[in-house]
Each structure stands twice: as C-alpha cells, then as structure tokens.
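User: I have a structure open and would like to go through it step by step. Can you help me read it?

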Amino acid sequence: MKVEVKDGGGSYVATLQTGLPPSTPLDCPAGQGRPYVVISSVPLDVPHSDGPDTIDPRVVFRVIQGYKFFGSYGITNMVAGADGQSCELRNRVLGPAGKGDYSFGDVPALHAFAADEKVAPAKSFDTLDLAAKYAVHGSEFANVQRMLLSLKVNQ
C-alpha cells in the first residue's frame, strides 16, 4: 500500500508505504560518511523486527550535513550510522517477519545532496540552528510529528 498525505492546502507532507520488500542499507565506505544530528526522537509503539543494526522504533527529525544542512522526518528503527557519521538516514521500520517493512515520512532515505540535486520534499537549512528551530519551534513539524505518532499498525 502507498498513500500520500497532503495538508489542507494540498501540499505534500509525507508518504506511508507498507509491505515493502527487505532492502539493504546503502554501502558507506570508511571516510565517506557525512556528519548527522538527531534533532528530535520520540518513541513509537509499532510492531517491528529486531536485528543487529536496529533500535526501538522512533519518530525522528534528523539532519545530515552537505553543502547545506538537509533534514528529514519519518519513522525508523534503523541505526543511522556510527560516531555521528552516515551516508544515508533511512525512514523505514523493519516489519514483523512475513509482513514486509514500512515507511512513513517525507523521503524514504536522506543523504547529503549535491548542489545540482533536487532536494524537495526533504528540507534544507543554511545552519544547524535553523534546522533545530524548525523542529523545536515550528508548527509544521509539530503537526507532522503528531501525525507520525498517530500511526497504528495491525499485525
């Protein structure tokens, strides 16, 4: 299933996808990771599978540094990277055995975009402080976070 969520004005907010086939994380050779920061992380009670690179499910807003600071919100139970470095931040939950994975967020995965890449619907910020203000003080993110936290998954 794939459902796009839009706000009252018709602007894209997020996509919910279920029954996704397993996928492997992007290969991130040593020295290729970019600095990332988890700005918001709230527990989410949904069914999931545990694995070697998983955490308890969370609703997150994370930022990865490139020529700007690129931010994305979504649900995940996947470890983003090691020592504050990552090549890709995935908005994906490993689903229970036999049910498939699911994703709910603005983009399925976030990376440090190149200057000639299309960034939207991911967010871009000139500073890390502006990204933090979006998550902490912005009504848009508060509404999105409530929506993401409202997700209920039947097994």
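User: How far apart are the mean positions of the positive and negative charges of the protein?
Analyst: They are 5 Å apart, for 14 positive and 16 negative charges. Lys and Arg count as positive and Asp and Glu as negative, while His and the chain ends are not counted. Each charge is placed at NZ of Lys, CZ of Arg, CG of Asp or CD of Glu.

User: What kind of model is this?
Analyst: This is a predicted model, where local features need pLDDT of at least 70, side-chain atom pairs count only at pLDDT 80 or more, and totals for chains, interfaces and linings use all residues. Residues are numbered from 1 along each chain as its sequence is written, and side-chain values use heavy atoms, with hydrogens and water left out.

User: OK, how many helices and strands does the protein have?
Analyst: There are 2 helices and 10 strands. Helices (H or I, at least four residues) and strands (E, at least two) are DSSP runs, numbered from the N terminus. In order from the N terminus, the elements are β-β-β-β-β-β-β-β-β-β-α-α.

User: What share of the residues is buried?
Analyst: Of the 155 residues, 41% count as buried. Buried means under 20% relative accessible area, exposed over 50%, and partly exposed in between (1.4 Å probe, protein chains only).

User: Switching to rings. How many aromatic pairs are there?
Analyst: The structure holds 8 aromatic pairs. One of them is Tyr-67 with Phe-70, which is edge-to-face, at 5.4 Å centre to centre and 65 degrees between the planes. Rings of Phe, Tyr and Trp (its six-membered ring) pair if their centres lie within 6.5 Å; planes under 30 degrees apart count as stacked, over 60 as edge-to-face and the rest as tilted.

User: Are Tyr-67 and Phe-70 buried or exposed?
Analyst: Tyr-67 is partly exposed, at 47% relative accessible area. Phe-70 is buried, at 0%.

User: And what about Phe-125 and Tyr-134?
Analyst: Their ring centres are 5.7 Å apart and their planes at 50 degrees, so that pair is tilted. Both residues are buried. Phe-125 and Tyr-134 also belong to one aromatic cluster with Phe-61, Tyr-73 and Phe-141.

User: Where is Val-119?
Analyst: Val-119 lies in the loop between strand E9 (109–110) and strand E10 (123–125). It is buried, at 15% relative accessibility.

User: What is Val-119 in contact with, beyond its neighbours within four places in sequence?
Analyst: Tyr-67, Phe-70, Phe-113 and Ser-124. Contact means heavy atoms within 4.5 Å.
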